[in-house]
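My notes follow in the order I made them.

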Amino acid sequence: MEQPLSLAQLQNTCVDLRKEIVTMIYQAQSGHPGGSLSVAEFVTACYFREMRVDPQNPRWEDRDRFILSKGHVCPAQYAALAMRGYFDRSQLATLRREGSILQGHPDMNKCPGIDISTGSLGQGLACGVGMALAAKLDGKSFRVFVALGDGECDEGEIWEACHTAAKYRLDNLVVFVDYNNLQLDGACDEVMPLGDLGQKFREFGMDVYEIDGNQMGQMVAALDLARAVRNGKPKCILGRTVKGKGVSYMENACEWHGIAPNEEQYRQAMEELDRQYVPEAETQGNAGQPGKDGAPAGGGYAGKGGAAV
Ligand SMILES: Cc1ncc(C[n+]2csc(CCOP(=O)(O)OP(=O)(O)O)c2C)c(N)n1
Ligand SMILES: [Mg+2]
């Protein structure tokens, strides 16, 4: 019998994920730690609770789809795939090596569990819309989860895809915006001000849930709502996040967009992350119940049993 993880277990899985991210990038001496760390709660909640997938059968026709539209943060997805058993965890040490299944951006032809190759920003949501529409047309129940960067929302294709998602009433589509207000070389507010992003997605026909995207309880509650409310509107989880979350010297520091830690910095990161595990006794019960990290009341687990962990 599959048991959903408790909120504390999910939080701790997220710490594991962050440690894998930093370790991979340290070993490769290359990669994008900032945006990988900020999206960690969404990736963890999707793979360890929300999505209906089968790691033994990655191309299962009825699986939920996951699209990392901000493909440069693939260490987060690779870590989740390895931890869920899509491939051996030792492969994580091959990140960005020639011949590795774990290239610098996700490659659907190399890595099991990647539903679409990404890296050129702006394209993933359109792919997700196509998949969600295909599910509707084929009478299938699978859902599609897309992770977008906020800087990525500068791309016009994102908004064309929103129009289409609204027109075809794709309430099987869940878009997470990693709203960390930093992009490659500056603050989104300065490079290209996005205005009221929540209002924008609302006006483009989506149900928008604005949360702290680094609080697992809020993430789980938002995903619960996205699953429960089938009103024809696509769902947008707008998550305020911190780029580099969990490693003090990387937090909100634009220079950590795309560089690797040295040995001393790596050691410090591991020490800091190790201190972030929460005692599992502190939050009893299933994820989504009010917990230490401020989950809204009533966000309890709805009993789908998505993740086999
Ligand atoms: C079409 C395109 N233009 C430029 C880039 C180079 N690039 C890689 S990451 C990045 C910044 C993305 O910022 P954001 O979407 O906020 O993601 P975050 O780094 O915060 O995760 C840019 C411009 C790209 N990958 N694709
Ligand atoms: Mg960003």
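The model is predicted, and local features need pLDDT of at least 70, side-chain atom pairs count only at pLDDT 80 or more, and totals for chains, interfaces and linings use all residues. Residues are numbered from 1 along each chain as its sequence is written, while chains are lettered from A and ligands numbered from 1 in the order in which they are written.

**Entry 1: α1 with α3**

I took helices (H or I, at least four residues) and strands (E, at least two) as DSSP runs, numbered from the N terminus. On the α1 side, Leu-10, Thr-13, Cys-14, Leu-17 and Arg-18 meet Ala-40, Glu-41, Val-43, Thr-44, Ala-45, Phe-48 and Arg-49 of α3. The residues of this contact of α1 with α3 are seven nonpolar, two polar and three charged. Here Ala, Val, Leu, Ile, Met, Phe, Trp, Tyr, Cys and Pro count as nonpolar, Asp, Glu, Lys and Arg as charged, and the others, Gly among them, as polar.

I then looked up the geometry of α1 (residues 7-28) against α3: the angle is about 120° and the axes are 9 Å apart. Axes are lines fitted to C-alpha atoms, for helices over the stretch in contact, and angles run from 0 to 180 degrees between N-to-C directions. α1 and α3 are therefore oblique to each other. Angles under 35 degrees count as roughly parallel, over 145 as roughly antiparallel, 65 to 115 as roughly perpendicular and the rest as oblique.

How many residues of α3 (residues 40-50) are buried? I found that eleven of its eleven residues are, with buried meaning 20 or more other C-beta atoms within 10 Å of a residue's own, exposed 12 or fewer, and partly exposed in between. Both Glu-41 and Arg-49 are among the buried residues of α3.

**Entry 2: α1 with α9**

α1 also packs with α9 (residues 216-228), the axes coming within 10 Å and crossing at roughly 110°. That makes α1 roughly perpendicular to α9. Leu-7, Leu-10, Gln-11 and Cys-14 of α1 make the contact with Met-216, Gly-217 and Val-220 of α9.

**Entry 3: α4**

In α4 (residues 74-84), nine of the eleven residues are buried, including Cys-74, Tyr-78 and Leu-81. The buried residues of α4 pack against α1, α2 (33-38), α3 and β1 (65-68). Gly-85 follows α4 and has a positive phi, near 95°.

**Entry 4: two loop residues**

I found Phe-204 in the loop between α8 (197-203) and β4 (207-212). Phe-204 has 18 other C-beta atoms within 10 Å, so it is partly exposed. Leaving out residues up to four places away in sequence, Phe-204 touches Trp-159, Cys-162, His-163 and Ala-166.

Is Asp-138 buried or exposed? Asp-138 has 11 C-beta neighbours inside 10 Å and therefore counts as exposed. Asp-138 sits in the loop between α5 (124-137) and β2 (144-149).

**Entry 5: ligand 1**

I listed 20 residues around ligand 1, the closest being Gly-35, Gly-149, Gly-151, Glu-152 and Gln-183; a residue is near the molecule if its C-beta atom, placed from the backbone, lies within 6 Å of it. The shell around ligand 1 has four nonpolar, eleven polar and five charged residues.

Key: Contact = placed C-beta atoms within 7 Å.
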